[in-house]
Amino acid sequence: FTNRNNTKAVIYVVRDPRNVITSLSNHFSMNSEKSYDFISAKDKFLVGELWGKDNFGIATVLGSWADHYRSWVNIKFSPILVIKYENLLNDTKNSLIEIINFLNKFMYIKIDNQKIVNTVESCSFDNLAKREKAEGFFEAAWSKKKEKINFFHLGKKNDWKNLLSEEIENKIRTTFHKEMKELNYI
């Protein structure tokens with residue numbers, strides 16, 4: 001669906017693969033080694049019967065973390081804004097303003113400071129985690145024991161420095177060195 005005919009612009013959110021692994025480990029009940037295999041596999045795709053939901057939707061081709069990143073940043077038919085997940089987490093307001101300014105090149109969006117503040121607050125990790133507890137969340141996965149795994153798990157506490165072994169961190173840094181350096185993750 002992403003092509004010259006129906007894509008005016010792209011906003012791509014990228015995340016440090018070391019934190020992707022820690023999040024993935026929780027989400028799919030995998031250890032760090034299996035999560036590393038997941039994000040480094042070039043032929044990786046998601047389908048419902050493998051990842052816990054009958055109504056998952058169509059299969060989604062992911063490729064490796066680097067393949068996924070490259071497939072978006074190398075789009076030539078559309079302007080792209082790359083946003084680092086870490087910036088969204090640590091400076092949400094300015095990241096949202098950056099997104100609005102980018103979108104204003106293609107459609108008018110009034111910048112209303114109070115709406116920005118309200119949006120940042122209503123979309124905070126704590127608020128989303130509370131809503132998930134109260135209402136559930138479609139993206140939440142199920143463990144092998146058929147227990148619901150919270151999608152909003154650690155938030156800012158998901159810090160690979162405290163959660164990954166040195167061995168896995170080295171493998172990630174080696175495998176994705178070029179892209180991580182390009183994104184100033186290393």
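Arg131 is partly exposed, with a relative accessible area of 47%; in this scheme buried means under 20% relative accessible area, exposed means over 50%, and partly exposed lies in between, for a 1.4 Å probe and protein chains only. Arg131 forms a salt bridge with Glu135, and the closest N and O atoms of the pair are 3.3 Å apart. A salt bridge is here a side-chain nitrogen of Lys or Arg within 4 Å of a carboxyl oxygen of Asp or Glu. Glu135 counts as exposed, at 57% relative accessibility. Both residues belong to helix α8 (residues 125-135), where they stand four residues apart, about one turn of the helix. Helices are DSSP runs of H or I with at least four residues, strands are runs of E with at least two, and both are numbered from the N terminus.

The model is predicted: local features need pLDDT of at least 70, side-chain atom pairs count only at pLDDT 80 or more, and totals for chains, interfaces and linings use all residues. Residues are numbered from 1 along each chain as its sequence is written, and side-chain values use heavy atoms, with hydrogens and water left out.

How many salt bridges does the rule give? The count comes to ten. One of them joins the side chains of Lys171 and Glu33, at 2.5 Å from N to O. Lys171 lies in helix α10 (residues 166-175) and Glu33 in helix α2 (residues 32-40), so this pair ties together parts that are 138 residues apart in sequence. Lys171 is partly exposed at 26% relative accessibility, and Glu33 is partly exposed at 29%.

Another salt bridge links the side chains of Asp159 and Lys161, at 3.8 Å from N to O. Asp159 is partly exposed, with a relative accessible area of 23%, whereas Lys161 is exposed at 59%. Salt bridges with shared partners also connect Asp16, Arg18, Glu169 and Arg173 into one network.

The axes of α2 and α10 come within 10 Å and cross at roughly 10 degrees. Such axes are lines fitted to C-alpha atoms, for helices over the stretch in contact, and the angles run from 0 to 180 degrees between N-to-C directions. Angles under 35 degrees count as roughly parallel, over 145 as roughly antiparallel, 65 to 115 as roughly perpendicular, and the rest as oblique. The helices α2 and α10 are therefore roughly parallel to each other. In this pair, Ser32, Glu33, Tyr36 and Ser40 of α2 meet Ile168, Lys171, Ile172 and Thr175 of α10, where contact means heavy atoms within 4.5 Å. These residues divide into three nonpolar, three polar and two charged. For this division, Ala, Val, Leu, Ile, Met, Phe, Trp, Tyr, Cys and Pro count as nonpolar, Asp, Glu, Lys and Arg as charged, and the others, Gly among them, as polar.

Helix α10 also packs with helix α1 (residues 17-27), at an angle of about 130 degrees and with the axes 9 Å apart. That angle makes α1 oblique to α10. The crossing of α1 past α10 is right-handed: a crossing is right-handed if the near helix is turned clockwise from the far one by less than a right angle, and left-handed if anticlockwise. Pro17, Arg18 and Ile21 of α1 make the contact with Ile168, Glu169 and Ile172 of α10. By class, this contact has four nonpolar, no polar and two charged residues.

Ser25 is a further residue of α1. Is Ser25 buried or exposed? At 14% relative accessibility, Ser25 counts as buried. Apart from neighbours within four places in sequence, Ser25 is in contact with Met30, Asn31, Ser32 and Ser35.

A further pair consists of helix α6 (residues 92-103) and helix α7 (residues 113-122), whose axes come within 10 Å and cross at roughly 120 degrees. The angle makes α6 oblique to α7, and α6 passes α7 in a right-handed crossing. On the α6 side the contact is made by Thr92, Lys93, Leu96, Ile97 and Ile100, and on the α7 side by Asn113, Ile116, Val117, Thr119 and Val120. By class, the residues of this contact are six nonpolar, three polar and one charged. Asn113, in helix α7, is partly exposed at 45% relative accessibility. The C-alpha atoms of Asn113 and Lys181 are separated by 34 Å, and the two residues are 68 residues apart along the chain.
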